[in-house]
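Good morning, and thank you for joining. Please look at the sequence and the model on the screen while I speak.

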Amino acid sequence: MNTALIPEEVVQIGESLIRFVDREVAPIEAANQAVLSSERTIFDERGRFTAEVEALRRQVRMKSAEAGFYTMLGPQEIGGGGLGPLAAVYLNAVLSAHCGPGRPLIHPVVIPSPFTNGLSPVLAALDPSLRDRYLPQLGSGDKTLCFGLSEPDAGSDVFAMKTRAVRDGDDWVVTGSKQWITNGPYADYAMIFAITDPELVAQRKGGITGFFVDTKWPGFDVVSTIPIMGQLGAEIGILSFDGLRVPDTHRLGQVNEGLKVALKGVNTGRLGLSATCIGLARWALVQAVEYAKVRKTFGKPIGDHQAVQILLAESAAEIYAAETMLVDCALKLERGARALAETSMVKLHCTDAANRVFDRCMQVHGGMGLTNELRLEAGYRFTRSMRIPDGTSEIQRRTIARDLLAHGVNF
């Protein structure tokens, strides 16, 4: 990524981040290659990370936290580093471009998502009296978190959720389920959102409240993992709540205003996800360019064939456009600009473009591109899946169009 618009201190953090990965994480991966090299040993028969893999991920989280990387994007008010959208974009892209896909101790262990693990912006709504109890555990990487908003019938349409929370004295009783919850099968704590005023929900004017929950409390259950795109296991899971009692002190923000809490940091989160995809795409293009120089057919390197050159050139153009969009949008958010359409354009373009880049780079490698050994197929699966979470490509198009119709062409 072009560093001309990136503050020097952020570039230096990126350099330190790569040194950390090479010096601290890579040796752990090498020492445990027998476990980490295959999904058959990464996951157990239930589709969950094995105890050994979970322990390794915890070790890396805590090393990252000790080095200051794990919480550097968290809000300062709850103990994070307070780095903004521009840093989030740059650091996620740099990490992905250096490490590539298919490394279970890297993504999102070293730099967590704003909504899963670490010092999530959502935790700023946690009652101050509880912060000393929970935030040090989460900030150190010792304990992990999940974000429960989506349901089987409520993904893009949040107001279609069915999970309910009813007040009972000093507690709330939560009943329902959540689906597609990243880190759900492993989390120590969960941020759960439920309907508390059905009439407001029917009017699409609020009526949803957030709660901070200990996953060991009675009534909280992990139903299963959800393996996707050829994987034998998953980070994603289904949660259910049957009479789960949550003290009112564990409410996240004001009653019926949970969506405001849930969406805090969503723009930075979408940009971070987009940057991860484009960083991986850059990694894939590097592999394809190097391969095109050494693989020969018909007596010359395949890079001399126009058909291969077109694949490489189109991929480079898409990456350059995507990185330019990322930095421009991040700068707008840094300045406090609204940037709603721009954020959706970035998420739409970066996830779609990264998927196309991986497809082309696999094609450059021919049969070798299909093998697990080169990790290109792992990147292809990952980037394809990222066109759905944090708002599908179709929802992003709708957001862009509605913003254009309401506010004009102002980007």
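Is T209 buried or exposed in this predicted model? With a relative accessibility of 0%, T209 counts as buried, because buried means under 20%. As for its place in the fold, T209 lies in strand β5, which covers residues 208-214.

Leaving aside residues up to four places away in sequence, T209 touches I192, F193, A194, T196, R251, Q254, V255, N256 and G258.

Let me turn to the nonpolar cores. In soluble globular proteins, nonpolar side chains tend to be buried together. Here the largest nonpolar core has 69 residues. Within this core, the residues with the most contacts are V25, Y90, L95, V110, L271, L326 and V364. At least two core residues are supplied by each of α1 (8-31), α2 (33-36), α4 (51-67), α5 (85-99), α9 (266-294), α10 (306-334) and α11. Which helix gives the largest share of this core? That is α9, with 13 residues.

I return to V25, one of the residues with the most contacts inside the largest core. Not counting residues up to four places away in sequence, V25 touches F20, V60, L105, I106 and V110.

Next, consider how two of the helices meet. The axes of α5 and α10 are 7 Å apart, and the two helices pack at an angle of about 150°. Why is this pair described as roughly antiparallel? The reason is that angles over 145 degrees count as roughly antiparallel, so α5 is roughly antiparallel to α10. On the α5 side, the contact is made by P85, L86, A87 and V89. On the α10 side, L326, V327, A330, L331, L333 and E334 take part.

Finally, I come to α11, which runs over residues 340-365. This helix has 26 residues and reaches 38 Å from its first C-alpha to its last, close to the 38 Å expected at 1.5 Å a residue. Helix α11 is mostly covered, with 21 of its 26 residues buried. What follows just after α11? There, G366 takes a positive phi of about 60°.

Thank you for your attention.

Key:
Residues numbered from 1 in each chain as written. Predicted model: local features only at pLDDT ≥ 70, side-chain atom pairs only at ≥ 80, totals over all residues. Heavy atoms only, no water. Helix = DSSP H or I, 4+ residues; strand = E, 2+ residues; numbered from the N terminus. Expected span 1.5 Å × (residues − 1). Buried < 20%, exposed > 50% of the residue type's maximum accessible area, 1.4 Å probe, protein only. Core = buried A, V, L, I, M, F, W, Y, C linked by side-chain atoms within 4.5 Å. Contact = heavy atoms within 4.5 Å. Axes fitted to C-alpha atoms, helices over the stretch in contact; angles between N-to-C directions. Parallel < 35°, antiparallel > 145°, perpendicular 65-115°, else oblique.
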